[in-house]
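Here's a quick tour of a protein model, written for someone who is new to reading structures. Have the picture open and follow along as we go.

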Amino acid sequence: MFLVILILGVAVLVGWYYFNENVLFPQKIERLKRHMEAEQYDEANQLINTLPENRKEDPEIQWYCYLIQLHQGQYFMALFHLGEIVKRGRFTETITELDCHLKMAALYEVMQKPKKALSEYDAVLQLDPEHYTANFKIGENLYQMKNYGAAQTYLEKALDLKNDNPVIS
């Protein structure tokens, strides 16, 4: 009898886990997407707070947290969420390491932290040495820091990239 109860208990737990992972969680993600599309950031944040802690680490959830914090002007928190994605190395087709570094660099520029922005743009160049924006922004930041020689190198590289690619305007 004990064995039957144990097997039933395990079956119920497995069934609940399956239901939660394959029905409830995807439904919450769809509601979250609708809130984000409607710019209902408070509702989206409340929904994120109802997720299990391990699900809050998903890159998609971290990205939504970044967008919410960005909208609210909470730049340090926005940086935190992007940093969590990078730290865990859990990227997706739409959330790439390069994009995370570009977004972090832009936030550092808004926060007037050019050295940290340079570090993030450098991370972009480590991933893609031919990245126009990263070369240009490094050159621009170095110029503003009065490091004219180094700035010239990056700005010339950006100009070469722009001239080689008519799509960049």
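Let's start with a residue called H81. In this predicted model, H81 touches Q62, C65, Y66 and Q69, leaving aside residues up to four places away in sequence. H81 itself is found in helix α4, which covers residues 75–88. Is H81 buried or exposed? Its relative accessibility is 9%, and buried means under 20%, so H81 counts as buried.

**The big picture**

- The protein chain has 8 helices and 0 strands.
- Read from the N terminus on, the elements simply go α-α-α-α-α-α-α-α.
- Of the 169 residues in the chain, 33% are buried.
- Take the contacts between residues at least 6 apart in sequence: 42% of them join residues at least 24 apart.

**Two helices packing together**

- Two packed helices are described by the angle between their axes and the distance between the axes.
- For helix α2 (residues 41–49) and helix α3 (residues 59–71), that angle is about 145°, and the axes are 10 Å apart.
- The crossing of α2 past α3 is left-handed.
- Which residues make the contact? From α2 you'll find Y41, A44, N45 and I48, while α3 brings I61, Y64, C65, I68 and H71.
- Sort the residues of this contact by type and you get 7 nonpolar, 2 polar and no charged.

**The nonpolar cores**

- The largest nonpolar core holds 23 residues, and W63, L82 and Y121 have the most contacts inside it.
- Helices α3, α4, α5 (97–110), α6 (114–127) and α7 each supply at least two residues of this core.
- Which helix gives the most to this core? That's α5, with 6 residues.
- Another core lies apart from this one; it has 13 residues, among them I29, M36, A44 and I48.

**Aromatic pairs**

- How many aromatic pairs does the structure hold? There are 3.
- One of them is Y132 with F136, a stacked pair at 6.1 Å centre to centre, with 15° between the planes.
- Both Y132 and F136 lie in helix α7 (residues 132–144), 4 residues apart, which is about one turn of the helix.
- F136 has a relative accessible area of 31%, so F136 counts as partly exposed.
- Y143 and Y148 form an edge-to-face pair, at 5.0 Å centre to centre and with 65° between the planes.
- Y148 is partly exposed too, because its relative accessible area is 42%.

- Most residues other than glycine have a negative phi.
- Q112 has a positive phi, near 60°, although Q112 isn't a glycine.
- Where is Q112? Look in the loop between α5 and α6.
- Q112 counts as exposed, because its relative accessibility is 70%.
- K146 isn't a glycine either, and its phi is also positive, near 65°.
- You'll find K146 in the loop between α7 and α8 (148–164).
- With a relative accessible area of 61%, K146 is exposed.

Technical notes: Residues are numbered from 1 along each chain as its sequence is written. This is a predicted model: local features need pLDDT of at least 70, side-chain atom pairs count only at pLDDT 80 or more; totals for chains, interfaces and linings use all residues. Side-chain values use heavy atoms; hydrogens and water are left out. Buried means under 20% relative accessible area, exposed over 50%, partly exposed in between (1.4 Å probe, protein chains only). Contact means heavy atoms within 4.5 Å. Rings of Phe, Tyr and Trp (its six-membered ring) pair if their centres lie within 6.5 Å; planes under 30 degrees apart count as stacked, over 60 as edge-to-face and the rest as tilted. Axes are lines fitted to C-alpha atoms, for helices over the stretch in contact, and angles run from 0 to 180 degrees between N-to-C directions. A crossing is left-handed if the near helix is turned anticlockwise from the far one by less than a right angle, and right-handed if clockwise. Ala, Val, Leu, Ile, Met, Phe, Trp, Tyr, Cys and Pro count as nonpolar, Asp, Glu, Lys and Arg as charged, and the others, Gly among them, as polar. A nonpolar core is a set of buried Ala, Val, Leu, Ile, Met, Phe, Trp, Tyr and Cys residues joined through side-chain atoms within 4.5 Å.
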